[in-house]
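Okay, thanks everyone, let's get going.

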Amino acid sequence: FFSHTRLHKCLLVVCIFGTGDLGRSLGQRLLQSGYRLVYGSRKPHSCGPIPPGAQVMSHEAAAQSTSLVFVCVHREHYDFLETLAPQLNGKFLVDVSNNLEKNMYPEANAEYLQRLIPGAHVVKAFNTLSAWALQNGPSDANRQVYLCGNNPEAKQAVAVISTKLGFTVQDRGSLSAARELEDFPLQLFPEWRLPMRLTVGLTAFFFFYLLTRDVIYAYVNEGRDISFRIMMSLANKVFPSVSLILLSLCYLPGVIAGFFQLYRGTKYKRFPDWLDRWMLCRKQLGLIALALASLHVLYTLIIPIRYYVRFRLAGSTISQVKDNNKTSSFDTTMAWRTDSYYSIGALGFGLYLLLGISSLPSVSNALSWREFSFIQSKLGYLTLFFCTFHTYLYGWDRFLYVSQYKWYSPPGYMLCLVVPSLVLVFKLLLLLPCVDKSLSRIRQGWERTDPENDSKKKSLLA
Ligand code: NAP
């Protein structure tokens, strides 16, 4: 009964210490949701603007008027709370604070607050929302309130308020999780870091490689300045090369994992950390690959309107007219080659788009696990196959010509074919009936027993 009345009281009057940005935004939302609000301030008579309908008092008076206090003050100023320990005894204290850097203090802010006022029940919450998000309401921003604390009653009171404000609550357990919650707002796209580094590295490599082979080679060996090609031709070689490698890197860890499981004869041993991390960023790798493939499509579509291309076309037409109106004969092989190249490329890109769309949470949530894995795995490998085949068609018989190996280096498209071709070959190996059967059994929980170990166990038992 006691806890119920206390919870009920929490729902009526709420106190906020601090009339700063967060205090004001939170107060406004609490008032809009029907709470009575009391501010505790150092300067009750001269504090900044507060939402209409709220009262401002000294910290002592405000603390006495309610059993739930939001501490909207920076951690550096918490020491004044120590003098309020008698008034805050037994109350629910919500720590909303964040730090500017990770590991700034030996203990989490919420644990520090709990140490300052051992008689209060501290809950860490609301720190992942910004003052702006609170002001605009959950429909326009992050909807989650993460909370943690040692007292279930205090956590429930904060959860009730959060729900009433329109947020969904995620309970992260005891107060020892506070540091993790405090680190949340300091994260900077953690899952994008590895894919971005890879993209930058591969793009830089292909750019300088192709710059040397195409532009610098022409300048040094033939004295021609074709540096203008950097903007279109070079870019349109770098984007698809990096895109194809990134797409194959989405599928390579799955293949490696398959070989690991076959080698170990079990699925119950952990993969090495690097493989785990690699697997976790496959979606980001795929999305960057899709973005680069889209750029490749765009750059290819605008080829006909390029000045250089129009100039060359006009030049060849005029020379044909001058040459007694002779047109060059139609090359059927060339027509097959270019049409197949474009057609397979278009099919690959279509599937690429499908993979990207199905990875959107709103779409993937509507798919069953089987549907999702059919698209991401089966259609994914088909996409990789089409895109790799598209690149082989681009190369056609060029690998036979010595002139292609400028300064003894292979053309860029050959380099970017290495990883995808290997992934496809390894995948084919895994699909061989005998291999596939063993892998399926392992993935269903079957474990290969070590005959040596088995005989040792038997002799020990005997
Ligand atoms: P703020 O605008 O600087 O306001 C802090 C308030 O604390 C001041 O208005 C002041 O209120 C009070 N204060 C300042 N010095 C004090 C002292 N020496 N002793 C006692 N009280 C003092 O800061 P804020 O942006 O609202 O942030 C408040 C807390 O919320 C911080 O811990 C921050 O990490 C956290 N937070 C902020 C945001 C955000 O978007 N702003 C988001 C998440 C979490 P009085 O003058 O009324 O005493």
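**The ligand shell and a helix pair**

So, let's begin with the ligand: the shell around it is made up of 10 polar residues, 7 nonpolar ones and 3 charged ones. Keep in mind that this is a predicted model. In total, 20 residues surround the ligand, and the closest are Thr19, Leu22, Ser41, Asn98 and Ala131.

Ser41, one of the closest residues, has a side-chain N or O atom 2.7 Å from an oxygen atom of the ligand. With Gly20 the backbone is involved: one of its N or O atoms sits 3.0 Å from a ligand oxygen. And then there's His74, where a polar side-chain atom is 3.1 Å from an oxygen atom of the ligand. As for how covered the ligand is, on its own it would expose 890 Å², and the protein buries 79% of that.

Okay, moving on to the helices. I want to show you α14, residues 332–358, and α16, residues 369–395. How do they pack? Their axes are 8 Å apart, at an angle of about 155°. Anything over 145 counts as roughly antiparallel, so that's what α14 is relative to α16. The crossing of the two, α14 and α16, is left-handed. And if you look at who's in that contact between α14 and α16, you get 16 nonpolar residues, 8 polar and 1 charged.

That's what I had, happy to go back to any of the views.

How values were computed
Residues numbered from 1 in each chain as written. Predicted model: local features only at pLDDT ≥ 70, side-chain atom pairs only at ≥ 80, totals over all residues. Heavy atoms only, no water. Axes fitted to C-alpha atoms, helices over the stretch in contact; angles between N-to-C directions. Helix = DSSP H or I, 4+ residues; strand = E, 2+ residues; numbered from the N terminus. Parallel < 35°, antiparallel > 145°, perpendicular 65-115°, else oblique. Left-handed = near helix turned anticlockwise from the far one by under 90°. Nonpolar A, V, L, I, M, F, W, Y, C, P; charged D, E, K, R; others polar. Near = heavy atom within 4 Å. Polar contact = N/O pair within 3.5 Å; in protein donor to acceptor, adjacent residues only side chain to side chain. Areas by Shrake-Rupley, 256 points an atom, 1.4 Å probe, with all protein chains shown as cover.
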